[in-house]
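Student: I have not looked at this one before. Could you take me through it step by step?

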Amino acid sequence: MNKATVAATGLAVATAAGTGSIASPRHNPVWFARIRKPRYQPPGAVFPVVWTTLYTDIAATSAVTIDRLRATGRRDEARSYSIALAVNLVLNAGWSWLFFRFHKLGASALGAAVLTASSADLARRAADADPKAGVALSPYPLWCAFATVLSTHIWRLNR
């Protein structure tokens, strides 16, 4: 793995994580505690563990994917993957703002669905570059799909 690529993907992911965390429930715990949530809502301690793992995976797998595409002369695909990653990370951070900061439950459910599609697209692109990278990135769209179901259910419970 190229150190510059890892640094770039790591910085991009860390920026998204930091931007999203600014809007997190610890900044508005009263609102989050009051809204109705489904029974299958994981305990709060699960989310930082899952997201830290996923963000690490996104940064590392994206670096592998970009490097593989460049090494095989597919520079346009590497550029396209980088753009798709940037869009995905904006959607990722944006969801936290929609849900936690602005309390837009319907918009956050839609945002989660768009993030799921974007994450699945990243995994597909990674698999095109290296099948192992696609497998490595597959937990991300799966978690986002779960988040879409959860966000939609929370929206329905609190309309």
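This is a predicted model: local features need pLDDT of at least 70, side-chain atom pairs count only at pLDDT 80 or more; totals for chains, interfaces and linings use all residues.

Student: Which helix holds Asn88, and is Asn88 buried or exposed?

Tutor: Asn88 is found in helix 4, which covers residues 75–101. Its relative accessible area is 0%, and buried means under 20%. Asn88 is therefore buried.

Student: Which residues touch the most other members of the largest nonpolar core?

Tutor: In soluble globular proteins, nonpolar side chains tend to be buried together. Here the largest nonpolar core has 26 residues. Those that touch the most other members are Trp51, Ile58, Tyr81, Leu122, Leu137 and Tyr140.

Student: Which helix gives the largest share of this core?

Tutor: At least two residues come from each of helix 1 (3–22), helix 3 (46–71), helix 4, helix 5 (105–129), helix 6 (131–137) and helix 7 (139–157). The largest share is eight residues, and its source is helix 3.

Student: How many residues are in the other core that lies apart from it?

Tutor: Among the members of that other core are Trp31, Phe32, Ala112 and Leu150. Its number of residues is 11.

Student: How far apart are the end C-alpha atoms of helix 7?

Tutor: Helix 7 has 19 residues, so at 1.5 Å a residue it should span 27 Å. The distance in the model agrees with this: the end C-alpha atoms are separated by 27 Å.

Student: Which helices do the buried residues of helix 7 pack against?

Tutor: The buried residues of helix 7 are Tyr140, Pro141, Trp143, Cys144, Thr148, Leu150, Ser151 and Ile154. They pack against helix 3, helix 4, helix 5 and helix 6.

Student: At what angle do helix 3 and helix 7 pack?

Tutor: Two packed helices are described by the angle between their axes and the distance between the axes. Helix 3 passes helix 7 in a left-handed crossing. Their axes are 10 Å apart, and the angle is about 140°.

Student: How many charged residues are in the contact of helix 3 with helix 7?

Tutor: On the helix 3 side are Val46, Phe47, Val50, Trp51, Leu54, Asp57 and Ile58, and they meet Pro139, Tyr140, Trp143, Cys144 and Leu150 in helix 7. By class, this contact has 11 nonpolar and no polar residues, and the number of charged residues is one.

Student: Is Ser96 buried or exposed?

Tutor: Ser96 has its place in helix 4. Beyond four places in sequence, Ser96 is in contact with Gly20, Ala23 and Arg101. Its relative accessibility is 14%, so Ser96 counts as buried.

Student: What is the phi of His103?

Tutor: His103 is in the loop between helix 4 and helix 5. With 28% relative accessibility, His103 counts as partly exposed. Its phi is positive, in a residue other than glycine, with a value near 55°.

Student: What distance separates the C-alpha atoms of Ala145 and Arg101?

Tutor: Ala145 is in helix 7, and its relative accessible area of 30% makes Ala145 partly exposed. Along the chain, Ala145 and Arg101 are 44 residues apart. Their C-alpha atoms are separated by 21 Å.

Terms used: Residues are numbered from 1 along each chain as its sequence is written. Side-chain values use heavy atoms; hydrogens and water are left out. Helices (H or I, at least four residues) and strands (E, at least two) are DSSP runs, numbered from the N terminus. Buried means under 20% relative accessible area, exposed over 50%, partly exposed in between (1.4 Å probe, protein chains only). A nonpolar core is a set of buried Ala, Val, Leu, Ile, Met, Phe, Trp, Tyr and Cys residues joined through side-chain atoms within 4.5 Å. The expected span of a helix is 1.5 Å times one less than its number of residues. Contact means heavy atoms within 4.5 Å. Axes are lines fitted to C-alpha atoms, for helices over the stretch in contact, and angles run from 0 to 180 degrees between N-to-C directions. A crossing is left-handed if the near helix is turned anticlockwise from the far one by less than a right angle, and right-handed if clockwise. Ala, Val, Leu, Ile, Met, Phe, Trp, Tyr, Cys and Pro count as nonpolar, Asp, Glu, Lys and Arg as charged, and the others, Gly among them, as polar.
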